[in-house]
Amino acid sequence: MGSIRCFVAAELSQEVARRLEKVQAEIRGTGANASFPHANQMHLTLAFYASLRESEVEEKIVLLRQALESSRQVSRQFAMRVQGVGFLPNEKFVKVVYTGIESKELIELQAHLARELDYKEDRKFFPHATLARIKDASQLSKLRELGVKFEKTEFGECTVEKVFFKKST
């Protein structure tokens, strides 16, 4: 069997996702050539696996359950603040339009899960949710304008109630 793309994530609330849909509509309005996650699929990725075998998927699911059971962050719910709009890797070369997520508890949870799942990434964890994946630079100036417009916008707080393991499509 081939490799499987998977991730560990926390959901955004429906209320926050609805607010972010309005930003997505404005991104669409720029005419940018982009793909958009559906509102009910918006999430914060805590770990991403580009290539796992089926046996590794099952192993990671077991490890995730154990890690969540041993995590003090999951023993109680906690809030994360969703705010602002930015660009990855940067505003000069936009591949992703994102909203930022702030939560000390979330950072602690991600570090705990990374240790327990033996997950390593080349760069520091950057909590965000993807609003759009940009396919070319044709509307870059309009996207930058939106970035300025929503730079400090607060989209709300949501409670982390569930962490899940999902196969990517």
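Tutor: Let's begin with a term: a pocket is an open set of grid points with protein on both sides within 12 Å along at least five of seven lines. The model here is predicted, and about 1500 Å³ of space lies in its largest pocket.

Student: What makes a residue part of the lining of the largest pocket, and which lie nearest its centre?

Tutor: A lining residue has an atom within 4 Å of a pocket point. By that rule 43 residues line the largest pocket, and His43, Thr45, Phe48, Thr130 and Arg133 lie nearest its centre. Strand E3 gives the largest share of the lining, six residues. Among the other elements that give two or more residues are E1, helix H1 (14-29) and strand E6 (128-134).

Student: How many of the lining residues fall in each class?

Tutor: The lining has 20 nonpolar, twelve polar and eleven charged residues.

Student: Why are E1 and E8 called paired strands?

Tutor: Two strands pair if there are at least two bridges between them. Five bridges join strand E1 (residues 4-11) to E8, so the two are paired, and they run antiparallel. One of the residues involved is Cys6, whose bridge partner in E8 is Lys167.

Student: What makes E3 and E8 edge strands?

Tutor: The open sheet has the order E3-E1-E8. Strand E3 (43-52) and strand E8 (163-167) each pair on one side only. From one strand to the next, the twist averages 20°.

Methods. Residues are numbered from 1 along each chain as its sequence is written. This is a predicted model: local features need pLDDT of at least 70, side-chain atom pairs count only at pLDDT 80 or more; totals for chains, interfaces and linings use all residues. Side-chain values use heavy atoms; hydrogens and water are left out. Helices (H or I, at least four residues) and strands (E, at least two) are DSSP runs, numbered from the N terminus. Axes are lines fitted to C-alpha atoms, for helices over the stretch in contact, and angles run from 0 to 180 degrees between N-to-C directions. On a 1 Å grid over the protein atoms alone, a cavity is a set of points where a 1.4 Å probe fits but cannot get out, and a pocket is an open set with protein on both sides within 12 Å along at least five of seven lines; lining residues have an atom within 4 Å of a point. Grid points are joined across faces, edges and corners, and a volume is the space filled by probe spheres set on the points. Ala, Val, Leu, Ile, Met, Phe, Trp, Tyr, Cys and Pro count as nonpolar, Asp, Glu, Lys and Arg as charged, and the others, Gly among them, as polar.
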